[in-house]
Each structure stands twice: as structure tokens, then as C-alpha cells.
Amino acid sequence: MSAATAASNLVIEGLNKSYQVNSADVVALQGIDLAIREGEFVSIVGSSGCGKSTLLRIIAGLENGYSGEVRIGGSRIAGPGLDRGMVFQEHRLIPWLTVEQNVAFGLNSLDNGQRDTVVREHLELVGLAAFVKALPHQLSGGMSQRVAIARALVNNPQVLLLDEPFGALDALTRIQMQQEILRIWEVERTTMVLVTHDIDEAIFLGDRVVIMSSRPGTVKKIVPVQLPRPRDRSSYDFVRIRKEIYAEFFAEAEKTFAYAI
Ligand SMILES: Nc1ncnc2c1ncn2[C@@H]1O[C@H](COP(=O)(O)OP(=O)(O)OP(=O)(O)O)[C@@H](O)[C@H]1O
Ligand SMILES: [Mg+2]
């Protein structure tokens, strides 16, 4: 085991995943190796269908039938667990439960008093203390995603998995939510793995940006982002990193196009 792997919180080694579609094998992920440090923020970008959600679902313990290893804190994952929280593109709140009931939903192990405290603390963390009694339909898209983030963090997971959490939001709300998640990460220091189609978002938030190749998904390149936060999207270094990532994408798109003709 390398020193980097030993110090890592989330370790993925030789991960392969195929699906059977119409009796043919579709290779979704091939030979994924990735070691993520405790408290690190890693962004993952890649074209549609390259296996980003599959990778997050495997880490979350929601997929079986893969080869390779995924370890958290040194232990091999075996199904879903409270050490991992997940936020999806759509908020997946339960419509007939209030905001606080939605956040409390996964918290069974505490007595009622502790439950209320923990739930309120997390709703304060995402700036929704005034909306504890609201129902999901009374919230905006950005507010609903904040509730989903609070729900994912309420069990103090070691790792928060974010699968295009801001994909359905308008551009301005999206930028606000990026600032919010940054603030939450700075307070909680949870290890974060963010899948996004938005390259600026990936650079704005990540300590590293993992670029995946098109199907079968492999780790094509990892770009470190060693810029102070909060990051200035128009700074020379930010633009330089954006160009580097776009260049990888264009190279990949040309390859896909060449295969198609
Ligand atoms: N349950 C499934 N059954 C069969 N094939 C699947 C299943 N889930 C994903 N796949 C296939 O695996 C590949 C990767 O899918 P995945 O959803 O992980 O991609 P993605 O990178 O998240 O795409 P997007 O950016 O569009 O969300 C695709 O070819 C998809 O068709
Ligand atoms: Mg996806």
C-alpha cells in the first residue's frame, strides 16, 4: 500500500463494472483507481454516459456485481451505510413530510430530544432554520437541494457524494449553491465527491478535478487545483485550468466522433 493510499479515506482500486443490456455486456467502468484524502473535495467530470453516477452509486453501496475494491476508512464497503451520504440531481424529498421530518427521516438511533437538536443544527447549517415546518412544495429548487444536503449530512457521514446536485437549478442559484456547499465543507470538513457537467463548478470547488473518458469510463486525467478559496473564476490560473480541462474534453469528443463515423 502506498503512503498516499494509507492516508486516504476513500480508496478505489481496479474497479470494473459492466451492465447486461439486451444480452450484451456494456462496460460502464474500467480499471478505476482513485485515492481520496480525508476532508478532500474531489470533482469528477466526464461526458454523459461515461459512468459517473455508476461510480457514485458503487461508493454509496447501491450497486452490486462489480470487481475491484472500494474502501472507506480501511474497510471494504458492503452495501449502503451511515458513513456515506448522497445528494442526487433531484432532491428526492418526501412530499407529505415537513422539512424537519424529511431531514429526520434517516435518523433512528437518537432519542427525540437529541433528534430535534441534530435536525435543527443541520437546517441552520444550510440556512433553513426558518423553514422547519414547511412542506417541500413550498420551497424553491435551491431550498429543496439545501434540505437534501442537510438530510445527507445529518448522520455525520465520512463522505458526502454529490451527483450533479445543482444540475436542475438556474445559473445564479447554482452559483449561490456552490458558495453554500463550499461554506458547509469549510465548517464540516467532510470528504466530498462531486459529479458535475459544469467545468467551472468543478474547478471552483475541487482540490482536484478527475476527468473521466467516455464509455468505458476510465480516469483519464487528474488536474490539481491549487488555488486559494474562494476562487476567482476570471483569474489567470482559473482560466488556465479551465482551458486545460476543455482541451481534454475536445480531444475525447473528437475520439468519440471518429469512432461514430
Ligand atoms: N441500471 C443500468 N442498467 C443497464 N445499464 C446501465 C444502468 N445504469 C447505467 N447503465 C449504463 O452504464 C453507463 C454509465 O451510466 P451512468 O449513469 O453511470 O453515466 P453518467 O456518466 O452518470 O451519465 P450522465 O452524465 O448522463 O448522468 C451508460 O452506458 C448506461 O447506459
Ligand atoms: Mg449521471
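Predicted model: local features only at pLDDT ≥ 70, side-chain atom pairs only at ≥ 80, totals over all residues.
## Basis

Local features need pLDDT of at least 70 and side-chain atom pairs count only at pLDDT 80 or more, while totals for chains, interfaces and linings use all residues. Residues are numbered from 1 along each chain as its sequence is written, and chains are lettered from A and ligands numbered from 1 in the order in which they are written.

## The sheet

Strands are DSSP runs of E, at least two residues, and helices are runs of H or I, at least four, numbered from the N terminus.

β3 (residues 41-45) and β8 (residues 191-195) pair in the parallel sense, over four bridges. Pairing requires at least two DSSP bridges between the strands. F41 stands opposite M192 in β8.

## Helix α2

Helix α2 (residues 52-60) is largely enclosed by the rest of the structure, because seven of its nine residues are buried. Buried means that 20 or more other C-beta atoms, placed from the backbone, lie within 10 Å of the residue's own. The buried residues are K52, T54, L55, L56, I58, I59 and A60. Just after α2, G61 takes a positive phi of about 85 degrees.

## Ligand 1

Around ligand 1 there are 13 residues, of which Y19, S48, K52, S53 and T54 come nearest. A residue is near if its C-beta atom, placed from the backbone, lies within 6 Å. β1 (8-21), β2 (24-37) and α2 each give two or more residues to the shell.

Definitions and conventions
Buried ≥ 20, exposed ≤ 12 C-beta atoms within 10 Å, placed from the backbone.
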